[in-house]
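Welcome! Here is a friendly briefing to read with the sequence and the 3D view side by side.

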Amino acid sequence: MSFAFADHDGALPLFVVPADEVDAWSATRPQHQQNWLKARAFAGKLGDLIVLPAPDGTPEAAVFGWGDTKARARGRFHLARAAEALPEGAWRIERPLDPAEAEEAALGWLLAGYRFDQYRKQAAPLARLALPDGVDGDRVKAIAAGEALTRDLINTPASDMGPDELEAAATALAGNFGADIAVITGDGLLAQNFPMIHAVGRASARAPRLIDLNWGNSGPRLTLVGKGVCFDTGGLNIKPAASMGLMKKDMGGAANVLGLARMIMALELPLRLRVLIPAVENAISGTAFRPQDILTSRKGLTVEINNTDAEGRLVLADALAYACEGEAPDCLISMATLTGAARVALGPDVPPFYTDAPALAQAIDAGAATARDPVWRMPFWQPYEEMIEPGIADLDNAPGGGMAGSITAALFLKRFVSEDVPYAHFDIYGWQPKPAPARPKGGVGQGARAVLAALPDILGL
C-alpha cells in the first residue's frame with residue numbers, strides 16, 4: 001500500500017471551524033455559501049462535514065466542524081473523518097494548527113486510506129490531502145507505511161501467517177532496507193540454547209524459530225523484542241472458543257516491532273537496530289509442554305509451568321536473555337500481546353508500559369503525547385516478586401490468585417534482562433475492536449509511534 005500527498009496547486013480549501021467560531025467564520029463567506037450553511041444548520045459540531053458548492057453545483061470548498069476542546073479530547077485523528085467523507089480530489093486544510101496537530105492530521109488522513117484487501121477488494125477514500133505547512137511529509141509517510149505493515153501482519157489469519165510466513169515478512173523487510181537477518185529453526189534452538197522457545201513451539205507442525213534482524217553500522221544500540229506467537233490455542237490448558245477467536249493477533253508484538261523497525265530504517269535514523277522475534281505456534285500434540293513441567297531457560301533460571309496458556313513470557317524470556325549477551329544494547333524494548341489483565345485495567349486503547357529507568361519513562365510519556373499514541377506507565381512493583389517464585393523452581397509462569405496479572409508478567413520478563421540495560425516492556429492489545437477515525441476494526445499498532453518519537457531523547461540522536 002502506497003501513501004502520498006496531493007499537490008497544493010488546485011487543492012480545494014477545507015475549512016476547520018470550532019463551534020464557537022461558526023458565526024464569525026460564516027459571515028466571511030460568499031452569500032451563496034452562507035445560504036447553504038444556514039439551510040444545513042451547520043453548528044461546528046465535531047465531525048460535521050459540509051461540502052460547499054459553487055454556483056454551478058461543483059464543489060468549491062468544504063467545512064469541517066472542530067467542536068470544542070472537550071469534544072476533541074475524547075478522541076484522536078478527527079480529520080480522518082473528512083478523508084473518508086469528502087469527494088474525490090485534492091484538499092488543503094485552512095486553519096493554523098500547531099506542529100503536533102498538523103502531523104496528526106496528515107498521518108490520520110493517510111491511515112484513513114488503509115484497507116486490508118488481501119482476501120477481498122475494498123475501495124479506499126479518493127480525497128487526497130495537500131501536506132500541511134511545517135509537516136515532514138517523508139516522515140509521516142514512513143510512519144504510515146510502518147503502521148500499515150503492522151496492521152497487515154496482525155490481520156492476516158494464522159493459516160497464512162505462521163512462523164514461516166512471519167520469517168518471510170521479516171526477511172522481505174530486511175531485503176528492502178539492506179539489513180542482515182539470521183534465523184534459528186526447530187531443533188537448532190536446542191542446539192543453540194533457546195530451550196523455552198523450542199518447548200512452546202515444538203508441538204506444532206510449523207517449526208518454532210528465532211528471527212534476528214540487524215541494521216545500521218554506527219550509533220547507539222537499540223534492540224526490539226516482539227512476541228511472535230502466531231496462534232495460541234492455550235496449549236494443554238486449552239482456551240475456550242470465545243477466548244481463541246482473536247488469537248491470530250497473538251503475534252501483535254512481533255508485528256509492532258517490525259512496523260517500528262520499518263519506520264526507523266526508512267527514516268535512516270543514526271543507530272544500530274536489532275530486532276529479535278521468537279516465532280512459534282502454541283499448539284497441542286503428543287509433544288506439547290505440560291502443566292507442572294519445569295523448563296530451564298537460556299539464562300539458567302528454572303520455570304515451573306502452571307499454565308501452558310502463559311506461553312508468551314516464556315519465548316520472550318529466552319530472547320531477552322539473548323539480547324543482553326555480548327555488547328549490551330543502550331535501550332531494550334519488548335512488545336507483546338501478553339495479558340488479559342492489562343485489558344481489564346486499561347481497556348483496548350491504552351497499553352501499559354513498564355520501566356524502572358526514569359529518563360526512559362519520561363521520554364516515552366512525552367513521545368506518546370506528541371505522537372498521539374497513548375500509553376500508561378505501570379510499576380515493576382517489587383513487593384509482588386514473591387508471587388512469581390513458586391518454591392519448586394526459580395520462577396512461576398502463571399501465579400495463582402488472579403491479581404496483578406500484567407505486573408507479574410512484566411516482573412517475570414525483567415528477571416531475564418541485565419540490570420544495567422535500560423528496559424521497557426509494553427503489554428499491548430494490538431486490535432481495534434470497533435472502527436474509529438484512521439483505525440478500522442482489526443489489527444493496529446500500539447506504542448510504536450510513541451517509541452519512535454521518544455528515540456531522540458532515549459538515545460541522544
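Which helices each supply at least two residues of the lining of the largest pocket? They are helix H10 (241–244), H12, helix H13 (340–346) and helix H15 (405–414). Helices (H or I, at least four residues) and strands (E, at least two) are DSSP runs, numbered from the N terminus.

This is a predicted model, in which local features need pLDDT of at least 70 and side-chain atom pairs count only at pLDDT 80 or more, while totals for chains, interfaces and linings use all residues. Residues are numbered from 1 along each chain as its sequence is written, and side-chain values use heavy atoms, with hydrogens and water left out.

**Pockets**

- On a 1 Å grid over the protein atoms alone, a pocket is an open set of points with protein on both sides within 12 Å along at least five of seven lines, and a cavity is a set of points where a 1.4 Å probe fits but cannot get out; lining residues have an atom within 4 Å of a point.
- Grid points are joined across faces, edges and corners, and a volume is the space filled by probe spheres set on the points.
- The volume of the largest pocket is about 750 Å³.
- This pocket is lined by 31 residues, and Lys239, Leu338, Thr339, Gly340 and Ala341 are the closest to its centre.
- H13 gives the most to this lining, with 3 residues.
- The lining of the largest pocket has 11 nonpolar, 11 polar and 9 charged residues, where Ala, Val, Leu, Ile, Met, Phe, Trp, Tyr, Cys and Pro count as nonpolar, Asp, Glu, Lys and Arg as charged, and the others, Gly among them, as polar.
- The second largest pocket holds about 360 Å³ of space.
- It has 19 lining residues, with Ser2, Ala4, Gly113, Pro125 and Arg128 nearest its centre.
- H5 and strand S5 (127–129) each supply at least two residues of the lining of the second largest pocket, which divides into 14 nonpolar, 2 polar and 3 charged residues.

**Cavities**

- There are 2 cavities of 30 Å³ or more in the structure.
- The largest cavity contains about 100 Å³ of space, and among its 14 lining residues, Arg76, Arg439, Val444, Gly445 and Arg449 are the closest to its centre.
- Its lining has 4 nonpolar, 3 polar and 7 charged residues.
- The second largest cavity, with a volume of about 30 Å³, is lined by Trp66, His78, Leu79, Glu101, Glu104 and Ala105.

**Helix H12**

- H12 (residues 312–323) has 12 residues and spans 16 Å from its first C-alpha to its last, close to the 16 Å expected at 1.5 Å a residue; the expected span is 1.5 Å times one less than the number of residues.
- Because 12 of the 12 residues of H12 are buried, this helix is largely enclosed by the rest of the structure.
- Buried means under 20% relative accessible area, exposed over 50%, and partly exposed in between (1.4 Å probe, protein chains only).

**A sheet of 3 strands**

- The strands of this open sheet run in the order S11-S12-S16, with mixed pairing.
- S11 (294–296) and S16 (395–396) stand at the edges with a single partner strand each, so one side of each has no neighbour in the sheet.
- S12 (residues 302–304) pairs with S16 in the parallel sense over 2 bridges; two strands pair if DSSP finds at least two bridges between them.
- Val303 has Leu395 in S16 as its bridge partner.

**Salt bridges**

- The structure holds 22 salt bridges, each a side-chain nitrogen of Lys or Arg within 4 Å of a carboxyl oxygen of Asp or Glu.
- Glu103 and Arg139 form one of them (3.9 Å, N to O).
- Glu103 lies in helix H5 (residues 99–112) and Arg139 in helix H6 (residues 137–155), so this pair ties together parts that are 36 residues apart in sequence.
- Arg274 and Asp212 form a salt bridge, with their closest N and O atoms 2.8 Å apart.
- Arg274 sits in strand S10 (residues 272–282) and Asp212 in strand S7 (residues 209–215), 62 residues apart, and both Arg274 and Asp212 are buried.
- Arg221 and Glu327 also meet in a salt bridge (2.8 Å, N to O).
- Arg221 is in strand S8 (residues 221–226) and Glu327 in the loop between H12 and strand S13 (331–336), 106 residues apart.
- Arg221 is partly exposed, with a relative accessible area of 24%, whereas Glu327 is exposed, at 51%.
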